[in-house]
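Colleague: Please put the model up. I would like to go through a few points with you.

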Amino acid sequence: MDVDFTGRQVNVTAGLRQYTHQRLRKLGRLLPGHPKLHVILIAEKHGRTAEITATFPDQTLVSVMEAVDNRSAIKGALDKLERQAVKRLARRRTKKRRPKPTANITLNVFQSSRVDHEERVAIESERLPVKPMSLEEAIESLEAVASGLVVFRNSESERVNVIYRRPDGKLGLVEPES
């Protein structure tokens with residue numbers, strides 16, 4: 001881990017550098033890749049301030065802490081930085097575990113009117129998830145579906161297909177043209 005120190009009205013001693021490196025061990029495990037850290041120590045009239053910036057490939061974390069002495073300011077700033085890194089890691093893990101969104105298709109069943117054959121009225125509407133699966137998996141899932149059809153994204157062609165049970169008991173497959 002590359003660490004740069006800047007002292008503003010503060011002499012950055014070897015003891016402060018060593019203390020900072022010791023406290024950075026846990027943070028090094030939480031941040032991906034080889035993060036670069038910039039530690040700025042500032043002496044002010046009523047206290048000391050430590051500002052630590054961690055830069056790694058896709059993000060930058062910054063923490064600032066004011067305290068009575070330099071070691072307390074560094075400790076507080078590193079604690080804040082560790083909390084930010086843990087929160088970032090938890091958010092990333094949660095985001096990866098979410099399932100990919102699937103598209104839904106609305107299935108409308110029309111009833112023809114006996115008086116006027118041109119007019120059709122939807123008597124039932126159902127939203128069906130479009131899940132990626134193979135043709136064999138779609139045939140297996142057709143047995144469990146009451147509607148008699150399965151809309152799925154064919155894993156081989158990456159297109160939406162429909163498999164349905166025909167009135168004669170055989171299966172029909174609808175594949176859109178390119």
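Colleague: What span does helix α1 reach from its first C-alpha to its last?
Modeller: This is a predicted model. Helix α1 covers residues 14-30, so 17 residues. At 1.5 Å a residue, 24 Å is expected. The span is close to that, at 25 Å.

Colleague: At which residue does α1 bend?
Modeller: The angle is about 40°. The buried residues of α1 include L16, Y19, T20, L27 and L30. Another buried residue of α1 is the site of the bend, L24.

Colleague: Is E82 buried or exposed?
Modeller: E82 lies in helix α2, residues 70-97. Its relative accessible area is 12%. Buried means under 20%, so E82 counts as buried.

Colleague: Which residues is E82 in contact with, leaving aside its neighbours within four places in sequence?
Modeller: Contact means heavy atoms within 4.5 Å. Two of the partners, L27 and L30, are among the buried residues of α1.

Colleague: How far apart in space are E82 and L61?
Modeller: In sequence, E82 and L61 are 21 residues apart. C-alpha to C-alpha, the distance is 9.6 Å.

Colleague: Which strand supplies the largest share of the lining of the largest pocket?
Modeller: The pocket holds about 160 Å³ of space. By class, its lining has seven nonpolar, one polar and one charged residues. β6 (120-133) and β7 (149-154) each supply at least two of the lining residues. The largest share, four residues, comes from β6.

Terms used:
Residues numbered from 1 in each chain as written. Predicted model: local features only at pLDDT ≥ 70, side-chain atom pairs only at ≥ 80, totals over all residues. Heavy atoms only, no water. Buried < 20%, exposed > 50% of the residue type's maximum accessible area, 1.4 Å probe, protein only. 1 Å grid on protein atoms, 1.4 Å probe; cavity = no way out; pocket = protein on both sides within 12 Å on 5 of 7 lines; lining within 4 Å. Points joined across faces, edges and corners; volume = space filled by probe spheres on them. Nonpolar A, V, L, I, M, F, W, Y, C, P; charged D, E, K, R; others polar. Expected span 1.5 Å × (residues − 1). Bend = angle between axes of the 7 residues up to and from the residue.
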